[in-house]
Every structure is written in C-alpha cells, then in structure tokens.
Amino acid sequence: MALMITDECINCDVCEPECPNEAISLGPEIYQIDPGRCTECVGHFDEPQCVQVCPVACIPVNPAHVESRESLWRKYQRLTGKPQTGMPAPGTETARP
Ligand code: SF4
Ligand code: SF4
C-alpha cells in the first residue's frame with residue numbers, strides 16, 4: 001500500500017528528506033505522498049521511514065492505493081532499476097547507506 005498524509009500535517013518538513021523514493025513533496029497546503037513512488041519503504045527499510053519520524057502521526061495507509069507486499073516490491077524494482085530477482089523475506093532487507 002502507499003501511504004498518505006492527512007490534513008493534520010504541520011508542515012514540519014522532517015519526513016521529506018527521509019523518504020528513500022523521493023515520494024514526499026510539499027503540496028499546495030501540506031506535504032503529500034506520490035502513490036506511484038511510495039513502496040511503504042519496501043526494498044529499503046523494514047519500517048516506513050516517514051511514519052517513524054512524523055511528530056503528529058498523520059501518515060496512514062492510503063485506502064485508494066491498497067497493494068500487496070509483492071506489488072510494492074515490484075514498484076521498488078521499477079523505481080530503482082533493480083533486476084527482477086526474488087522478493088526477500090520480511091525483515092531480511094538491508095537498508096541502503
Ligand atoms: Fe517514502 Fe517510505 Fe514514507 Fe512511502 S513509506 S512515503 S517510501 S518514506
Ligand atoms: Fe507533515 Fe508529518 Fe511530514 Fe511533518 S513529518 S511534514 S507533520 S507528514
């Protein structure tokens with residue numbers, strides 16, 4: 001699933017630089033997540049980085065973009081140009097430096 005930012009966002013700007021997929025940007029009023037680029041951090045980290053840092057917990061799952069872990073993994077491969085190798089088991093992915 002892609003995540004989304006709700007209007008509780010206080011525009012603190014801490015999530016944007018944490019996103020490994022450059023999916024977060026400042027919209028007309030608050031920050032927003034591009035569902036085409038959000039992999040829920042699959043492929044990069046075990047946990048969604050934006051959720052970890054958001055001080056007001058305003059980043060839920062986007063109900064309009066429900067995706068399986070496999071589909072998130074394919075999105076990660078598409079975004080990074082990585083070859084179509086098998087999906088690692090949850091928790092075995094390594095964070096990129
Ligand atoms: Fe970016 Fe990960 Fe947050 Fe998605 S879950 S917006 S990929 S930091
Ligand atoms: Fe908004 Fe949370 Fe991102 Fe701060 S961390 S800009 S409050 S979504």
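1. The largest cavity is the space taken by ligand 1. A cavity here is a set of points on a 1 Å grid over the protein atoms alone where a 1.4 Å probe fits but cannot get out; a molecule sits in one if more than half of its atoms lie within 2 Å of its grid points. The model is a predicted one, in which local features need pLDDT of at least 70, side-chain atom pairs count only at pLDDT 80 or more, and totals for chains, interfaces and linings use all residues. Residues are numbered from 1 along each chain as its sequence is written, chains are lettered from A and ligands numbered from 1 in the order in which they are written, and side-chain values use heavy atoms, with hydrogens and water left out.

2. The residues around ligand 1 include Cys-19, Cys-38, Cys-41 and Cys-50, together with Leu-3, Pro-20, Ile-24, Ile-33 and Pro-48. Asn-21, Thr-39 and Glu-40 are also among them. A residue is counted as near if one of its heavy atoms lies within 4 Å of the molecule. By class, this shell has nine nonpolar, two polar and one charged residues. Ala, Val, Leu, Ile, Met, Phe, Trp, Tyr, Cys and Pro count as nonpolar, Asp, Glu, Lys and Arg as charged, and the others, Gly among them, as polar.

3. Ligand 2 sits in the second largest cavity. Its surroundings comprise 14 residues, of which Cys-9, Cys-12, Asp-13, Cys-15 and Cys-54 are the closest. The shell of ligand 2 divides into 12 nonpolar residues, one polar and one charged.

4. The structure holds zero disulfides, a disulfide being a pair of cysteine sulfur atoms within 2.5 Å. Cys-58 is in no disulfide, and the nearest cysteine sulfur, that of Cys-54, is 3.8 Å away. Cys-58 counts as buried at 3% relative accessibility, where buried means under 20% relative accessible area, exposed over 50%, and partly exposed in between (1.4 Å probe, protein chains only). Cys-38, from the shell of ligand 1, is likewise buried, with a relative accessible area of 8%.

5. The chain has two helices and two strands, in the order β-β-α-α along the sequence. Helices (H or I, at least four residues) and strands (E, at least two) are DSSP runs, numbered from the N terminus. Of the 97 residues of the chain, 35% count as buried.

6. Helix H2 covers residues 69–80, has 12 residues and reaches 16 Å from its first C-alpha to its last, close to the 16 Å expected at 1.5 Å a residue. The expected span is 1.5 Å times one less than the number of residues. Within H2, Ser-71, Leu-72, Trp-73, Lys-75, Tyr-76 and Gln-77 are buried. Gly-81, which follows H2, has a positive phi, near 75 degrees.

7. Asp-13, one of the residues closest to ligand 2, has a positive phi of about 80 degrees. Asp-13 lies in the segment before strand S1 (24–26) and is partly exposed, with a relative accessible area of 36%. Glu-22 has a positive phi of about 50 degrees; it is also found in the segment before S1 and is exposed, at 65% relative accessible area.

8. Ala-64 is found in the loop between helix H1 (49–53) and H2. At 63% relative accessibility, Ala-64 counts as exposed. The C-alpha atoms of Ala-64 and Met-1 are separated by 8.7 Å, with the two residues 63 apart along the chain.

Note on methods. 1 Å grid on protein atoms, 1.4 Å probe; cavity = no way out; pocket = protein on both sides within 12 Å on 5 of 7 lines; lining within 4 Å.
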